[in-house]
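Subject: Structure for you to look at

Hello,

I am handing over the structure we spoke about. Please look through it before reading my notes below.

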Amino acid sequence: MVDLSRRAVLAGSAAVAIPGVARAQAGKPRLTMITQWSAGSDGAAITALGKLFEQNGGIWQHSPVPGFTTDMMNKLRAEIMAGDPPAASQLKGPEIAAWSKIAPTVDLDGVVAAAGYEAFVAPELAALHKPYGHWIALPLQLYRINTLFASKKAMDKVGATKLPGTWAEFNDLAGKMKAAGIIPLANGGIRWDDGMKWEIALNGISPAAYRKAVMELDTDALMGPEVLAAFEQTRKLADWMNPSIAAQSWSVQVAPFIRGEMGMVLMGGWAQGNIINGGFTFADFLSGPAPQDNGRASYIMNADAFIFWQQKAADLQAGQQLFAKLIMQLPTQEMYSHITGSIPVRTDADLSGTGWSDAQRSSAQGLKDAVKEKQVVLSLAHNMAQPNPITAAMIDVLTEFVHNKDLQPKEAQQRLADAIDSAR
Amino acid sequence: MNRQAQPGWAIYALLVLLAAFFLTPFVVVVLTSLRPNQEMAQHSLIGWPHAITLQNYSMAWGQFCIAERCTGVAPYIMNSLLMTVPATIISTLLGAVAGFSVALWRFRGDTVVFGLVLVGVFLPEQMRLIPWVIVLRDIGLSNTIAGLVVVHVVQGLSFTTLFCRNYYTAIPQDLIKAARIDGAGFYRIFWRIILPLSPPILIVCTIWQFTGIWNEFLYGVTFLTGLDQPITAAIIAISATVTTTPQYGVQSAAVLLAAVPTLAVYLFGGKYFMRGLTAGAVR
Amino acid sequence: MPRDDFAERVREAPRRRRFWDAILPALAIWPPLILSAGHVVVFTLWTAWLSFTPSTLLPEAGYVGWHNYTNVMGTRNFHVAYVNLVIFGVCFVVATSALGLLLAILLDQRVRGENVFRTIFLYPMAISFVVTGTIWSWLLNPGIGIQRLVQGWGWTGFRFDWLVDRDMAIYTLVIAGAWQAAGFAMALFLAGLRSVDGEIIKAAQIDGAGAWRIYRRVVLPTMGPIVLAVMVILLQMAIKTFDLVRALTGGGPGIATNMPATVVYDFMFQRGQIGRGAAAAMLMLLALVVVIVPYQLYQRWRGRSA
């Protein structure tokens, strides 16, 4: 009798519990997402993020779009036009503001305030993600663009021990390397790479001029002496590049670079990942900030972010909340940066422990210092400073300048200003 | 032109030289696919392999990871088949019907209609992308393989109609007139007279369409997602690495695997392709 | 007698059957043709409408007159693209046709192993332009491809770095394109060669004409229409070239190998200015019309005078 009643009670309670369990399953937070990250360390990082999401009780539905950023944006546009945008998608810089106008986004102010996140994000960065006063996107990782890498073997060959601090020192060192038969600058031939060289040059000459010319598109600054000097420095850089590289990633030159056949690389922080994945060690290269003429720390910032599109389904909305909370947390950002070689967005991240490379520590310290010196700027070549039409028009001029030795700096400067006017 | 005499050695020498030019890329890809990736980093891309491995193939077929999905290219090849085969068959058959009606059945305004169909051959695909997004959305086939089949059928109709129409103009009008007088209708004439005469041009259409649709990239990436994507998308995913060094060995293996169906089509259908063209695909 | 009887029976057939006889063909003819012709008209008109709007990321209504057109035509990209179109168009069509004709003439010589050779020349058509571009980008890269190989053989002065040379890069596209399309040209030319009437050839041979003369006087003139058709098909291929450029040169070095289709793609998708992209597309269509319309008129004229 007792057994029966106990069984009956158990059965009864199970009958009550099961609908509850079923309801919880149906409401499991779900996230649909598209990014361009299908391979390499980016692919590994987004996969790890997905696993973390699932460990926290969500259903992860990520569809990488093969190709480059344009293909991903194409897919995003197609899905928005079809009325079915993903719950979250990769998007960065001023494009966040532009795209937020064509489809409704989610107001993340509540989640952000609850996590107290805004206090830990650099103000220039925050402004990009709350373009009209409300948080609609969240940044995930940061890279410093103006980073200099030097091959240990190449440095030894010319008897140099420390990285050049100003452009004059850099040009000196490059000259020595060329005389010793080393190709001074390892470079890829891709458009944004060429544009990146110019922006590193300009920022190295004067971050203030960079801010006015590139971020504010001030005509006086664009026609000013610093921009002209940047073109001249870029011409020098172009002359020091490997003449036989053709529209490839710079990473195909990692092996010659470490062997000492090429001397230096001006690239974002991810280059460290290229080198380590090529099977080399930290002892094989030096890294630090790119030349900065005024001696104070500066930082050209590149950040990836996710934008959240309004959804009707309850489980997608729950998934968005869960994901947002997740990527604001320090452990998540640290895990992500460990894999890709970036640094976490949060300014309270402590990179002194193991697992962080010197390049990453230097980048994080550089950010802190640059914030103090108010010399943090946004990268042009990586679509942070301007929306795509203007960026593309400017890069057209810059990439042609790098490859066309007949184009004079003065003429290029004029063309740059004209290109910006026509793209507006 | 000595059709009787044996061609001289100069002819053969020239042919072999040209064959070498045409074969070199293929040979390079095959050799690259057999070399381990590390070897490419140390030696040049073109060269005899120092070590042979089939690992690139197994990686490309079943293990290669595109973000979370480590399925290799096998499922994507399946998707391409699911998309290409129906689209090829439908567009070829419809093209034959349309070509017949424009060439032989005649009706008011047929030249104008054919002219418009012809323009479709020349329209660039970039400008059709956004309109197709809207159309697929309105008929509810966004993000499906069926939707992409519709796109390729409608666009392929231009080619197949052109080919078939040029071919059918060789059939004497009197034959059709006689059949009509005898009381045969549209379908009967098509089935009994036209279709039996069509194999060469149908093969030309099939080969052309299969190759074109199989190798198409832009629409495949934009209109399909995730595991539904065609093989062209997967190839791009393998090649488009920005922050890591390209893996030429796996890329080559994947490219070869992806090219097997179309290569097979040309291998077996090449002769019929020639015959179909001989029968007057172009006028 | 039986025919008249039958015709009479048809005439007197119930009206419903005659109705179906008329409708059924229409049902077969019209849908595919309407779909095809319709989509051409609708898409072209829509793109034309789009080119006059201020659309950026998404289509939006509005009217900006010719602004998109003047803007696009004023960019350096556009100038480079259309200069490249002329250079590439001419070189690609001539090189591919010449190569195809050469292959066809060679194969027409009743060589042994014709099937094998034909397959070798035809197989590049089976490969997508993306793959072709990628493979040739490896081969033509001076650092890892042919130049390095030949230099490795000891000929250290050998240079084949067109791919990185701003002025020569466009010709690498010609090489890769000709490699891919020559087989198609060959197929058409061979079909044409083989369709020349054997009797005329025999007659000429009996008259003592040599091989070269026979080719020049008898065979090649009848190939005129085929040559023209091949050139038109190749030309429209050249105008629409996109995948090949993207895979082989990426539009570079710098912007040196931009083509009209890459300009359309750039404006529409990369820059998110679809209004201007539509204008670029309409301009590209114009280029195609300039090629096609004369050809069509020529066809009509030939048809009438035949």
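This is a predicted model: local features need pLDDT of at least 70, side-chain atom pairs count only at pLDDT 80 or more; totals for chains, interfaces and linings use all residues.

The chain A secondary structure consists of 19 helices and 11 strands, and 56% of the chain A residues count as buried. Taking contacts in chain A between residues at least 6 apart in sequence, 78% join residues at least 24 apart.

Chain A splits into domain 1 (29–144 + 302–358) and domain 2 (147–301 + 380–423). Their C-alpha centres are 28 Å apart. Where they meet, 18 residues of domain 1 contact 17 residues of domain 2. On the domain 1 side, helix 4 (94–100), helix 6 (123–129), strand 4 (137–144) and strand 9 (299–308) of chain A each supply at least two residues. By class, that side has 6 nonpolar, 7 polar and 5 charged residues.

The largest nonpolar core has 305 residues, and A:Ile307, A:Phe308 and B:Ala254 have the most contacts inside it. Helix 8 (residues 169–194) of chain C gives the most to this core, with 18 residues. Leaving out residues up to four places away in sequence, B:Ala254 touches B:Ala60, B:Phe64, B:Val73, B:Ile235 and B:Ile238.

Regards

Note on methods: Residues are numbered from 1 along each chain as its sequence is written. Chains are lettered from A and ligands numbered from 1 in the order in which they are written. Domain bounds come from an automatic or database domain assignment. Two residues are in contact if their C-beta atoms, placed from the backbone, lie within 7 Å. Helices (H or I, at least four residues) and strands (E, at least two) are DSSP runs, numbered from the N terminus. Ala, Val, Leu, Ile, Met, Phe, Trp, Tyr, Cys and Pro count as nonpolar, Asp, Glu, Lys and Arg as charged, and the others, Gly among them, as polar. A nonpolar core is a set of buried Ala, Val, Leu, Ile, Met, Phe, Trp, Tyr and Cys residues joined through C-beta atoms within 7 Å. A residue is buried if 20 or more other C-beta atoms lie within 10 Å of its own, exposed if 12 or fewer, and partly exposed in between; C-beta atoms are placed from the backbone.
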